[in-house]
Amino acid sequence: FLRKINNNYEYKQYLPNKTIKKKGDSKTISPKISGLTGSALLEKIYTIIQNHSIEIAQYSAILIEDDLDGNFYGMDKSQIQGYIHSIQEKIHSILKCNIPIFILYASPEIESWFIADWDNGFGYIYTSDAFVTDIDLPTKIFFAHHLRQYLNTYVLKEYSNDIENYGYFDQKYYKLSDEIIEAIQTKVKEYISELPNTNRLYSEKISSSRDLYYSKKIHGDRMLRKLDPLILSKKCRHYFAPTFNSFRNLI
């Protein structure tokens, strides 16, 4: 995905970079690293940069990615820029050089990207033979169409055309990934079955399907590889687009 933005460089991943493996099981990310976000993620990053400062200071740039999870709610642009600048200053002070630092926020979570670039995100997953094997293609297309409709109407609501600002309703934060998991596994199936003049055959197949669920680990990796950053930059204008443009122009 990063190479689609800028293919002039090689990428070295520092975090998460430690896996654990028990005999007979697949590799998984250590619980001490998996799920780090916000201030905990930044502290881990500062430690890694401190421990590898000589090596990292020779690189062309540093890229940090994190889910925003509504953490900038209520902040104006100057406050947000000040926060980002403080992170960059902290890293520069550790490295004692002004290496370019890019902070790429998925707002509110990376699932927003999978919705924004629908044909390469959720629209791809739920019409793919690689992930949904127990229903036919017309039924998959029917499900994906109504999934999109349901998410826009009942999950995103007023944020359907401004997905990066999604999260708060009546001062309460709703986690997008949790809403999507519930929607795909139960809510959309119920929604389809209750539609007037719905295709009953499709509805029955969808209700009985075991492949219509969402796993960030299983589905997220594949969608991220397929996403078109240019499409995202047009749909995710507040946080993704500025970093995308700056990072793409890094020579």
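A salt bridge is taken here as a side-chain nitrogen of Lys or Arg within 4 Å of a carboxyl oxygen of Asp or Glu. The model is predicted, so that local features need pLDDT of at least 70 and side-chain atom pairs count only at pLDDT 80 or more, while totals for chains, interfaces and linings use all residues. Residues are numbered from 1 along each chain as its sequence is written, and side-chain values use heavy atoms, with hydrogens and water left out.

The count comes to 8 salt bridges. One of them joins the side chains of D162 and R237, at 3.9 Å from N to O. This pair links distant parts of the chain, 75 residues apart: D162 is in the loop between helix 7 (137–156) and strand 5 (168–169), and R237 is in the loop between helix 11 (229–235) and helix 12. Helices (H or I, at least four residues) and strands (E, at least two) are DSSP runs, numbered from the N terminus. R237 has a relative accessible area of 42% and is partly exposed. Buried stands for under 20% relative accessible area, exposed for over 50%, and partly exposed for values in between (1.4 Å probe, protein chains only).

A salt bridge also forms between the side chains of E109 and K175, at 3.3 Å from N to O. Here too distant parts of the chain are linked, E109 being in the loop between strand 4 and helix 5 and K175 in the loop between strand 6 (172–173) and helix 8, 66 residues apart. E109 counts as buried at 2% relative accessibility, whereas K175 is partly exposed at 32%. D69, E109 and K175 are linked in a network of salt bridges. Within helix 10 (residues 216–226), D221 and R225 lie 4 residues apart, about one turn of the helix. The closest N and O atoms of their salt bridge are 3.1 Å apart. D221 is partly exposed at 41% relative accessibility, and R225 is exposed at 57%.

Aromatic rings of Phe, Tyr and Trp (its six-membered ring) pair if their centres lie within 6.5 Å; planes under 30 degrees apart count as stacked, over 60 as edge-to-face and the rest as tilted. By this rule the count comes to 26 aromatic pairs. F240 and F244 form a stacked pair, with 5.7 Å centre to centre and 20° between the planes. These two residues are separated by about one helical turn, because they are 4 residues apart in helix 12 (residues 240–248). F240 is buried, with a relative accessible area of 0%, and F244 is buried at 3%. One aromatic cluster is formed by F114, W118, F122, Y126, F143 and Y214.

Most residues other than glycine have a negative phi, and most peptide bonds are trans. The peptide bond from S107 to P108 is cis, with omega near -5°; P108 is found in the loop between strand 4 (101–106) and helix 5 (111–116). K96 is a residue other than glycine with a positive phi, near 60°, and is placed in the loop between helix 4 (77–95) and strand 4. K96 is exposed, with a relative accessible area of 72%. The phi of N197 is likewise positive, near 60°. N197 lies in the loop between helix 8 and helix 9 (200–208) and counts as exposed at 80% relative accessibility.
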